[in-house]
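Consider the aromatic side chains of the model shown below.

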Amino acid sequence: MLPGDGIGPEVVSVAVQVLGAALSQEGVHLHRQEGLVGGCAIDAVGMPLPPETLDLCRSADAVLLGAVGGPQWEALPMGRRPEKGLLGLRSGLGLFANLRPALLFTPLAAASSLKPELVAELDILIVRELTGGIYFGEPRGVFRENNERVGVNTYRYSEHEIERIAKVAFDLAGKRQGRLCSVDKANVLEVTDLWRQVVSALAAQYPEVALSHLYVDNAAMQLVRAPKQFDVIVTGNMFGDILSDVAAMLTGSLGMLPSASLAANGFGLYEPVHGSAPDIAGQDKANPLATVLSAAMLCRYSLNLPAAAAAIEGAVDAVLRKGLRTADIAAQGEGTPRDGIALVGTKAMGEALLTALETPAEAA
Ligand code: NAD
């Protein structure tokens, strides 16, 4: 567990209780240890990612992270900020595949920016390459040339980087609805033309998966026009960064979005998409569901315990159906004695989840 800063410890605390309960129902005992990352690590030992934290992660089956950052560390130089801890974890643990599901729980359909009928029961998985592409390519920087400054970044992928992320996406699509859409800009960028060639060449090994390709501009349009056409989307680092935020808004709230970052051996780091929310930290207002759903992904992808994952997701669905809402997912004006919606804090949401786990029949 790497609770981190701000609301991180509050949401991780709930998620770990729910994870422990779901695992014990499967006869699995959760051994947990806690490490420092982000601002709390800077305060304690002067660096955002102490080597002991990386060692602790390497010795674990999986990592559950809260969030890092806050205004008190914003004046530090770029290389010593809390967020550097996250980048260090990604590269240090070889987390090259970022999985961002956009799953809409039916009781929250009204929270989407799209019409409810376009998003009801939406279930998309975006697989983003996380350790390559234009965010890491060299040369990079701002240089002087002919008496003016010139900014340079390099968009680069090698075949093995494309192949390993594509294999993750094909495998996942095979376990879902069997549809994989690869997103590129092959009409303009040679590097993504290579991307398309490598992904296409793999398709023969996955006869159960229907592969399609879209240019990124069209993919962005389709995501907001008819998002349910997608099952799994695989794309590079930058396009994935942008498209996963678009897909995120289809589901309404930042407080509901989990993520997984996977390494080649199945090891994974699981975290909510949201940040440390300093504006509500320590006030029992944070929505813990994104972190709880991240714990469900941990069960599914690192522990290979799909029943525990399904139990956690079922408990989330049950508490939402019962009308429990943290403030961020309540519609305006909701929470009156007559509308069946109860506004709750972080801890009460956690307790309701534990109750729902214990009584799945009632939840169903
Ligand atoms: P944020 O996600 O922390 O917050 C944005 C808004 O959403 C805030 O109003 C916040 O109260 C609300 N919100 C976020 N999560 C919520 C939750 N679980 N329940 C209820 N409301 C929630 O983004 P920000 O304000 O841009 O960043 C705050 C800090 O977090 C910064 O230091 C930033 O660098 C850091 N950050 C960290 C991560 C990460 O750890 N992965 C990601 C994004 C931002």
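Rings of Phe, Tyr and Trp (for Trp, the six-membered ring) are taken to pair if their centres lie within 6.5 Å; planes under 30 degrees apart count as stacked, over 60 as edge-to-face and the rest as tilted. By this rule the structure contains four aromatic pairs. In one of them, the ring centres of Tyr-155 and Tyr-157 are 6.1 Å apart and the planes stand at 65 degrees, so this pair is edge-to-face. The model is a predicted one, in which local features need pLDDT of at least 70, side-chain atom pairs count only at pLDDT 80 or more, and totals for chains, interfaces and linings use all residues. Residues are numbered from 1 along each chain as its sequence is written, and side-chain values use heavy atoms, with hydrogens and water left out.

Tyr-155 has a relative accessible area of 17% and is therefore buried (under 20%; exposed is over 50%, partly exposed in between; 1.4 Å probe, protein chains only). Tyr-157, at 7%, is buried. Ring pairs link Tyr-155 and Tyr-157 with Trp-195 and Phe-239 into a cluster.

A stacked pair is formed by Phe-170 and Tyr-206, because their ring centres lie 4.6 Å apart and their planes are at 10 degrees. Phe-170 belongs to helix H6 (residues 159-175), whereas Tyr-206 lies in the loop between helix H7 (190-202) and strand E8 (210-215), so the pair ties together parts that are 36 residues apart in sequence. Helices (H or I, at least four residues) and strands (E, at least two) are DSSP runs, numbered from the N terminus. Phe-170 is buried, with a relative accessible area of 0%, and Tyr-206 is buried at 9%.
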